[in-house]
Amino acid sequence: MDLLRGVNIYLVGMMGAGKTTVGRLLAKTLKYRFFDTDELIVRVANQSIAEIFDREGEEAFRELETKVLGELSAYKNSVVATGGGIVGRSMNWGYLHYGVVVWLDVPVDQLYARLGSDTARPLLREGELKSKLQSLLNERERFYTQADVRVCIRGGERPEEVARRAIEEIKKVIKPETAPDLN
């Protein structure tokens with residue numbers, strides 16, 4: 001897709017939305033590199049996200065997240081899967097807007113089904129899972145709506161189909177370069 005001219009794609013959305021899975025497919029299709037901010041944070045900190053939350057707190061995690069995003073924004077030809085809460089910091093939007101921001105919008109019922117047995121996510125440890133997911137979505141939705149592209153995920157939809165639809169939506173927001181008028 002030459003239309004992108006090397007511009008990065010940033011995937012945002014709730015945990016369990018499929019950002020990593022869809023991101024890998026997008027990167028392969030676009031012949032881009034793939035990065036996952038959570039995976040990079042784990043590598044940089046040399047500890048799991050749960051350990052960072054337990055030992056240093058959410059704020060320390062968010063600082064690392066912003067640092068990693070800032071470094072990734074300097075690259076081109078990349079698809080970046082971000083953490084679900086990355087949109088909550090205005091500074092991060094400065095980095096995200098270096099590329100095309102794609103919101104993978106998944107209904108809470110689907111997130112609940114996907115995350116029901118996941119015990120590794122620090123923000124889901126306390127409280128009833130479905131209500132916690134709804135609460136997080138309520139907090140973040142106003143940020144997610146700032147994305148350039150919104151891809152609403154339907155139940156049972158395969159990641160390949162989501163990636164294909166994401167590319168179609170991205171094409172709608174990319175402005176083709178216009179040739180200069182030489183007359």
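The model is predicted, so local features need pLDDT of at least 70 and side-chain atom pairs count only at pLDDT 80 or more, while totals for chains, interfaces and linings use all residues. Residues are numbered from 1 along each chain as its sequence is written, and side-chain values use heavy atoms, with hydrogens and water left out.

Start with the sheet: five strands form an open sheet in the order β2-β3-β1-β4-β5, with parallel pairing. At the edges sit β2 (33-36) and β5 (149-152), each pairing on one side only. Strands here are DSSP runs of E with at least two residues, and helices are runs of H or I with at least four, numbered from the N terminus; two strands pair if DSSP finds at least two bridges between them. Strand β1 (residues 9-12) runs parallel to β3 (residues 78-81), and three bridges join them. Across this pair, Leu11 stands opposite Ala81 in β3.

Next comes helix α8 (residues 159-173), which has 15 residues. Its buried residues (under 20% relative accessible area, 1.4 Å probe, protein chains only) are Val162, Ala163, Arg165, Ala166, Ile167 and Ile170. These pack against β1, α1 (19-30), β4 (100-105) and β5, with contact meaning heavy atoms within 4.5 Å.

As for the arginine, Arg62 lies in helix α4 (residues 58-72). Arg62 counts as buried because its relative accessibility is 9%. Its side chain joins that of Glu65 through a polar contact of 2.9 Å; such a contact is a pair of N or O atoms within 3.5 Å, and within protein one must be able to donate a hydrogen and the other to accept it, with residues adjacent in sequence counting only if both atoms are side-chain atoms.

Notes:
Buried < 20%, exposed > 50% of the residue type's maximum accessible area, 1.4 Å probe, protein only. Expected span 1.5 Å × (residues − 1).
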